Amino acid sequence: MAKVTHEFDLYGKHYALEAGELAKQATGACLVKCGDSTVLVTAVVSKERKDYDFFPLTVDFIEKMYAVGRIPGGYLKREARPSEKATLTARMIDRPLRPSFPDGFRNEVQVVATPLVADQIHSVDTICVMGASVALTVGGVPFEGPLACVRIGRNPETGEFLVNPTYEERDASDLDLELAGSSTFISMLEAGAKEISEEDMLAAMAFGQEAIAAFCEEEKKFFAKWEEANGAIAKKEYVLDEPIPEVHDRIFAHFDEMSAALKDADKLSRMGKVEALKESIKAEFSEDEQAQWSRALAVELKGLEKHAMRKMVVETGERVDGRAPTEIRPIMVKPDYLPLVHGSGLFQRGQTQVLSICTLGMLNEWQRLDTIEPVDGKRYIHHYNFPPYCTGETGRMGSPKRRELGHGALAERALLPVVPSEEEFPYTIRVVSEVMESNGSSSMASTCGSTLALMDAGVPIKRPVSGVAMGLIQEEGKTVVLTDIQGLEDFLGDMDFKVCGTTKGITAMQMDNKATGLTPEILRKALMQAHEGRMFILDKMLEQIPAPREHAKDTAPQIISLQIPTDKIRDVIGSGGKVIRGIQEDTGATIDIQEDGTVFIAGTNGAGEAAAERIKAIVKVPEMGEEYTGRVVGIQPFGAFIELLPGKDGLLHISRVAKGRVDKVEDVLNIGDEVRVKVLEVDEKGKISLDRLDKPDAPAGSGRNGHDAPDGRERPERSGERRARARRHPGDRGEGSGRAANGGEGGGKRQPRRHHEAQ
């Protein structure tokens with residue numbers, strides 16, 4: 001097997017496809033590159049056919065931290081469970097591949113994508129579909145290829161579309177649209193958008209289809225080089241599950257009975273009738289026939305149910321629950337459903353019911369992401385849970401499955417464009433959607449429930465978001481677009497097309513399509529019909545809660561933000577965190593200090609305000625002319641130190657503690673006394689000089705020792721004495737230095753400097 005490489009440039013990016021050197025024992029393998037980002041995609045098909053009535057395809061995307069030059073965290077230093085992004089990427093690869101295999105293919109297929117290099121410029125996810133397509137083709141696997149996937153961005157200033165934009169270009173884009181399929185039809189779509197119109201989205205989809213076709217052409221050029229080097233690519237023979245005419249005819253003879261069983265608006269009742277009919281049909285086959293045709297019976301019974309449902313829609317325009325194609329199921333909306341939680345909302349549409357709960361937290365509670373992408377984390381988090389009881393079944397409870405991660409990511413993407421910035425709303429926001437009942441469109445109910453919970457929590461979202469799931473039935477040359485599909489219409493229909501947005505435009509979309517005849521006209525009809533459905537649902541929501549609540553609930557933390565000088569951060573934290581811990585313990589608030597001096601304080605019942613005042617007092621710098629009630633914290637022969645604010649002392653010189661002359665400060669003040677003072681001066685070093693307000697008279701007999709005349713009258717001072725006094729008491733000149741040069745009488749001894757001095 002010779003190594004083959006094909007390099008090409010498309011839409012301003014450089015790509016390479018390579019096969020024949022790595023993983024040669026796999027059925028097929030391809031190394032695909034965009035820039036320096038490199039992914040190895042392998043495909044293996046089991047030799048034996050599985051005894052299943054479904055196609056056993058498994059797709060894995062295995063993140064390797066060496067791809068970005070990092071060692072995994074944790075004790076083992078080894079990649080463990082896949083990240084949410086890795087799971088979503090695996091789903092993205094799976095969705096266009098699955099419908100491309102022939103009906104009846106029962107050999108197990110495993111596709112593994114391993115990123116070897118992630119250059120932090122070009123994304124590694126979309127190119128995996130092209131790698132899988134090449135690996136399957138060179139491996140001779142029968143599937144409808146070539147396939148490709150592209151990401152479409154848009155410059156909001158020029159309106160120019162971008163194909164596979166870099167991370168920097170994506171950050172500036174108002175659209176993030178991922179499309180996968182063949183050169184002629186789209187089979188998978190994921191989108192996030194900043195409220196763009198349906199017309200703009202249709203234009204982006206049309207452009208994306210052209211881009212997919214261009215990449216498929218490059219794959220064909222690679223296959224030509226491969227055949228030139230290694231000979232013609234021979235499709236391997238795999239035994240398919242073919243329909244057995246006798247089984248088909250005997251089962252489809254019950255078409256009218258199946259149509260009657262399906263006409264029931266209640267999901268569980270309808271399922272019971274359908275299962276009972278299937279069992280009665282199976283009973284018409286002997287035990288030997290059931291053993292011989294077990295797979296064929298399961299496939300044909302499922303086919304009967306599918307054909308009856310679809311024919312009912314296209315021939316009568318009536319759905320199994322009696323609705324018209326554009327009719328939405330009954331809606332119930334209840335905001336503020338739970339007590340004490342920060343925000344909640346119950347949304348029910350038909351037999352799909354979701355309870356969403358919003359929790360507000362400090363910004364330092366944001367989710368940190370450890371992936372190969374250049375994304376640190378997120379502050380808006382949505383989690384979706386689909387327990388087995390919501391469908392009346394038993395099952396495993398534990399970590400979320402791929403479907404739950406995908407649905408949660410869609411609802412998160414739908415709300416993200418309207419979530420306020422952290423400057424506007426300095427909270428981390430988590431919404432959990434618990435599916436209580438499910439009969440289709442639970443992800444869209446989660447989107448609506450999340451909107452209710454956010455508004456109930458007082459989150460000032462830009463505009464409320466609603467979502468609706470659209471379906472498609474193409475049968476006997478007729479096409480019907482369905483609004484608000486239920487589970488049966490999703491499972492047996494041709495398309496599941498979810499659209500979310502505001503009154504201004506689309507914020508998120510997701511589509512899985514099995515129909516090759518999905519024309520631009522059908523997509524336009526689906527989008528416009530979805531717009532009508534979204535607006536109808538949104539009106540029902542706004543009847544119950546027309547706008548976000550003006551204030552967060554009392555149970556939610558009140559977050560206050562302050563800006564302090566960066567050189568004061570150390571003062572607020574204190575030695576070993578002593579100061580900040582003390583504030584938190586005394587007030588019950590939570591404090592988070594950023595490197596730029598931004599302080600976020602969270603607390604309930606006034607705890608935040610109390611902590612904020614403590615911090616303001618620490619960083620406050622007294623200014624000239626301000627008045628304080630201070631406490632005496634130190635006494636020296638030359639004056640008293642007054643604590644104005646925590647950690648902020650000023651010097652009240654002995655000459656200003658009372659009216660008249662005072663021999664000793666202790667004659668007037670004691671440690672712990674409170675005095676009213678005024679700031680006279682703050683020098684360039686921050687030393688504070690004070691004057692006492694409402695000075696008392698000096699104590700009787702004070703000022704005699706060499707200062708007053710024997711008869712009690714103040715004697716005149718000689719000029720040399722005045723100069724000496726000035727040196728002893730620099731505060732007399734307004735310096736406030738607290739550094740008495742020769743404090744005391746006659747000793748000339750230098751007074752020790754005090755720790756509180758000039759704080």
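The side chains of arginine 151 and glutamate 178 form a salt bridge, with an N to O distance of 3.4 Å. This comes from a predicted model. The pair links distant parts of the chain, since arginine 151 lies in strand 7 (residues 148–154) and glutamate 178 in strand 9 (residues 175–181), 27 residues apart.

Are these two residues buried or exposed? Arginine 151 has a relative accessibility of 2% and counts as buried. Glutamate 178, at 8% relative accessibility, counts as buried too.

## The salt-bridge network

Arg151 and Glu178 also belong to a network of residues linked by salt bridges. Across the whole structure, a search finds 57 salt bridges.

## Two further salt bridges

Side chains of opposite charge can pair when their charged atoms come close. Aspartate 60 and arginine 402 meet through their side chains in a salt bridge of 3.1 Å, N to O. This pair links distant parts of the chain: aspartate 60 is in strand 5, while arginine 402 is in helix 10 (residues 402–415), and 342 residues separate them. Arginine 402 has a relative accessibility of 32% and counts as partly exposed.

Another salt bridge joins the side chains of glutamate 108 and lysine 50, at 3.9 Å from N to O. Glutamate 108 lies in strand 6 (residues 107–117), and lysine 50 in the loop between strand 4 (37–49) and strand 5 (57–61), so the pair ties together parts that are 58 residues apart in sequence. Glutamate 108 is partly exposed, with a relative accessible area of 31%.

## Helix 11 against helix 13

Two packed helices are described by the angle between their axes and the distance between the axes. For helix 11 (residues 442–456) and helix 13 (residues 520–544), the axes come within 11 Å and cross at roughly 30°. Angles under 35 degrees count as roughly parallel, and helix 11 and helix 13 are therefore roughly parallel to each other. Their crossing is right-handed.

Which residues meet where helix 11 contacts helix 13? From helix 11 come Cys448, Thr451, Leu452 and Met455, and from helix 13 come Ile537, Met541 and Leu542. The residues of this contact divide into 6 nonpolar and 1 polar, with no charged residue among them.

Notes:
Residues numbered from 1 in each chain as written. Predicted model: local features only at pLDDT ≥ 70, side-chain atom pairs only at ≥ 80, totals over all residues. Heavy atoms only, no water. Axes fitted to C-alpha atoms, helices over the stretch in contact; angles between N-to-C directions. Helix = DSSP H or I, 4+ residues; strand = E, 2+ residues; numbered from the N terminus. Parallel < 35°, antiparallel > 145°, perpendicular 65-115°, else oblique. Left-handed = near helix turned anticlockwise from the far one by under 90°. Contact = heavy atoms within 4.5 Å. Nonpolar A, V, L, I, M, F, W, Y, C, P; charged D, E, K, R; others polar. Salt bridge = Lys/Arg side-chain N within 4 Å of Asp/Glu carboxyl O. Buried < 20%, exposed > 50% of the residue type's maximum accessible area, 1.4 Å probe, protein only.
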